[in-house]
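Subject: Structure for you, with notes

Hello,

Here is the structure I promised to pass on. My notes follow below it.

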Amino acid sequence: MPTPPPSPDNEPSANAGRKWWQRGGDWQSPWDLDPDSPFVAHPNRPRPTPPPPDPGPPPPPPTPVPIPVPIAKPAPPPEPAAVPAPAKPPPPPLPDPAPVPRVARRPVDPQPVARQRPEASPSPPAPAEVRVRRERTPGPSWVSASLIGLAVLSFVFVAWLYVHDEPAGDDEDLVKTGPVDQVLSVPSIGRMEQLLGALKPAESAALAIGPPWVWDTPTLSRFLTANDHSMDNLKDLLEDEDWHGRHSAWFHDDLGSHPNWTIVPLLKQAEAAYLLRRGEEEAAFAAAIDLAEMAARLQELESWPSFYLRSLDVHTRCVQLMAHLLSRTKLSGPALGASQEMFAACLFSGKQLKEQLLPAFYLYEKKLLLGDKSGAPLDTMPKGVQYARPGRLFFKNNETLDLFATTFRILRTEVGQVLTGLGNRVDLRGSARSVASAGYYQPNGAGEAYYLQHIDPYLDIPAQYLMARTRHLLVLQLFAIRRFIAEQKRLPLTLKELSPKYLPDLPTDPFSGDLFQYDIARGLLYSFGSNFANDGGRPSTVPLADDQEPTVEIGLPSAAPVRQ
């Protein structure tokens with residue numbers, strides 16, 4: 001399209017003040033810009049300096065913005081021809097307009113539209129600039145760092161408590177020292193094995209009746225005939241002068257746990273009852289003395305704790321048989337005196353229990369925990385096996401062994417104390433539980449549970465010893481009373497008449513600390529027993545069967561004093 005020639009700047013335009021259709025010259029589009037418009041570049045007009053960009057407010061957190069659909073960009077209008085500007089001062093510079101958003105091209109209206117100056121038309125508002133503001137992540141403060149460090153130290157300390165084991169404590173007062181028997185062979189071990197293997201049980205119907213002295217004679221005969229070979233083995237075993245209880249051969253097998261041990265005292269009771277019916281009273285007393293000697297011999301075997309339990313059972317059957325024989329005896333005073341002397345030699349000793357047995361039991365538990373580290377000879381390990389338990393979580397060998405040492409010291413103190421018997425059994429168990437918390441999730445929880453399980457049988461030792469000693473002393477006084485009757489032909493008015501001829505010293509009741517109770521009118525001799533009360537005595541078919549009131553009968557239907 002031809003453009004009109006520019007007019008000089010010093011001449012006024014001839015078409016000034018006219019409408020666009022009244023102007024002469026070539027036709028000009030109404031969309032052409034005015035030469036004086038700021039949107040038309042002019043060589044003499046200074047270019048405005050753009051203002052510095054406004055940083056704007058801090059951007060909000062990033063939000064998902066939908067992607068705008070691209071809009072078709074309109075074609076820029078044709079650049080108009082240079083028109084001479086009128087001679088007037090240039091208008092002040094205007095700021096650059098904000099970018100106009102792109103709009104779709106609209107169809108051109110065919111009707112003429114009056115041209116408006118750009119400065120008169122309001123410009124659309126600029127869209128707000130969207131900026132994404134990143135939140136500043138604060139670093140760890142000294143408080144959080146201190147808490148983290150404290151938590152790490154606490155974890156390390158707790159882990160150390162669960163893993164660390166204290167060094168072994170001093171237990172020289174509990175470990176018995178002394179030479180080990182060095183003989184080449186121990187014949188008594190083989191004889192004991194033959195005896196236990198050859199024993200035959202009694203008839204169940206006979207056992208239901210009661211003790212062997214209430215069985216009928218045919219039943220006694222069948223039982224003794226079935227165990228004829230065992231009777232010979234038992235005789236050979238008791239004839240051995242020394243069983244060599246400290247020899248290492250006893251540690252190979254736990255013979256004390258053999259189930260046939262219950263038949264041994266029953267066999268001797270049946271033998272004594274059969275001999276008594278045949279009129280062989282001295283032989284019957286000899287059979288009862290064999291049981292007392294067997295009980296004493298078993299206490300010399302320190303290799304296994306089970307031997308001590310067997311000795312208590314054999315001793316109980318012995319004193320029951322002896323009390324039964326004494327209540328019906330017709331032997332003379334000297335004959336009874338000989339049996340009394342042998343029976344007194346088998347009295348349980350508290351010194352032996354404190355100095356020999358309890359240290360042996362502690363050493364046995366130490367071997368189970370530490371194995372060869374226990375300091376004991378390797379050939380004295382239980383069954384020849386080193387039972388060293390590996391240290392693991394919740395089980396500490398040294399701390400567990402310290403629990404055993406503490407309890408065995410308590411037991412050693414309690415043995416033989418007056419008024420310490422079955423009534424204090426709960427106290428001993430309470431003290432054992434106070435030593436160990438027994439919480440499984442404690443640092444030594446499994447070790448404490450192991451300790452409570454293994455220590456439980458030992459807690460009855462003081463009460464068992466006191467009851468065995470009480471029964472033995474009752475039978476010894478019954479021996480003295482029967483000797484007094486055989487020689488004096490009357491009953492003693494008090495127990496003091498028995499000393500010193502028939503008893504060197506009058507024993508005291510372990511459960512009362514005073515003399516035993518002697519009821520001359522009823523013919524009873526009894527102890528306060530485990531209930532620590534005087535109930536007047538409790539005679540029974542089986543003598544000394546009641547722990548709360550151990551009682552023996554003198555055996556005379558009328559216990560009135562004989563008049564001289």
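Predicted model: local features only at pLDDT ≥ 70, side-chain atom pairs only at ≥ 80, totals over all residues.

Arg-191 counts as partly exposed, at 29% relative accessibility. Its salt-bridge partner is Asp-240, and the closest N and O atoms of the two are 2.9 Å apart. Arg-191 sits in helix α2, while Asp-240 lies in the loop between α5 and α6 (263-277), so the pair ties together parts that are 49 residues apart in sequence.

More salt bridges

The whole structure holds 16 salt bridges. In one of them, the side chains of Asp-171 and Lys-366 meet at 2.9 Å, N to O. Asp-171 is in the loop between α1 and α2 (187-198) and Lys-366 is in helix α10, so this bridge links parts 195 residues apart in sequence. Are these two residues buried or exposed? Both Asp-171 and Lys-366 are buried.

Glu-203 and Arg-222 form another bridge, at 2.8 Å from N to O. Here the pair ties together parts that are 19 residues apart in sequence, because Glu-203 lies in the loop between α2 and α3 (204-209) and Arg-222 in helix α4 (residues 217-226). Glu-203 is partly exposed at 36% relative accessibility. Arg-222 is partly exposed too, at 44%. There is also a network: salt bridges with shared partners join Asp-173, Arg-409 and Arg-412.

The chain as a whole

The protein chain has 564 residues, and 39% of them count as buried. It contains 14 helices and three strands. The accessible surface comes to about 32800 Å². Carbon and sulfur atoms account for 58% of that surface. Take the contacts in the chain with a separation of 6 or more: 74% of them are between residues 24 or more positions apart.

Surface patches

The negative one is formed by Asp-228, Asp-232, Asp-236 and Glu-239. Asp-228 belongs to helix α5 (residues 228-239). Its relative accessible area is 47%, so Asp-228 is partly exposed.

The other patch is nonpolar and covers about 370 Å². Trp-142, Val-143 and Leu-147 make it up. Leu-147 is in helix α1 (residues 142-163). With 55% relative accessibility, Leu-147 counts as exposed.

Two buried residues

Thr-380 is in the loop between α10 (350-370) and α11 (397-414). Its relative accessible area is 5%, and since buried means under 20%, Thr-380 is buried. Which residues does Thr-380 touch, not counting those up to four places away in sequence? They are Ser-248, Phe-251 and Lys-367.

Met-467 is in helix α14 (residues 461-488). Met-467 is buried, again with a relative accessible area of 5%. Ser-527 is 60 residues from Met-467 along the chain, yet the C-alpha atoms of the two are separated by 10.0 Å.

Backbone points to check by eye

Most residues other than glycine have a negative phi, and most peptide bonds are trans.

- Lys-489 has a positive phi, near 60°, and is not a glycine. It is placed in the loop between α14 and β1. Lys-489 counts as exposed, at 59% relative accessibility.
- Leu-544 also has a positive phi, of about 60°, without being a glycine. It is found in the loop between β2 (524-526) and β3 (551-553). At 1% relative accessibility, Leu-544 counts as buried.
- The peptide bond from Ser-499 to Pro-500 is cis, with omega near 5°. Pro-500 lies in the loop between α14 and β1 (517-519).

So where do Lys-489 and Pro-500 lie? Each is in the loop between α14 and β1.

Best wishes

Terms used. Residues numbered from 1 in each chain as written. Heavy atoms only, no water. Patch = residues over 30% accessible without salt bridge, like charges linked within 9 Å, V, L, I, M, F, W, Y side chains within 5 Å. Areas by Shrake-Rupley, 256 points an atom, 1.4 Å probe, with all protein chains shown as cover. Salt bridge = Lys/Arg side-chain N within 4 Å of Asp/Glu carboxyl O. Lys, Arg positive; Asp, Glu negative; His and termini not counted. Charge placed at Lys NZ, Arg CZ, Asp CG, Glu CD. Helix = DSSP H or I, 4+ residues; strand = E, 2+ residues; numbered from the N terminus. Buried < 20%, exposed > 50% of the residue type's maximum accessible area, 1.4 Å probe, protein only. Contact = heavy atoms within 4.5 Å.
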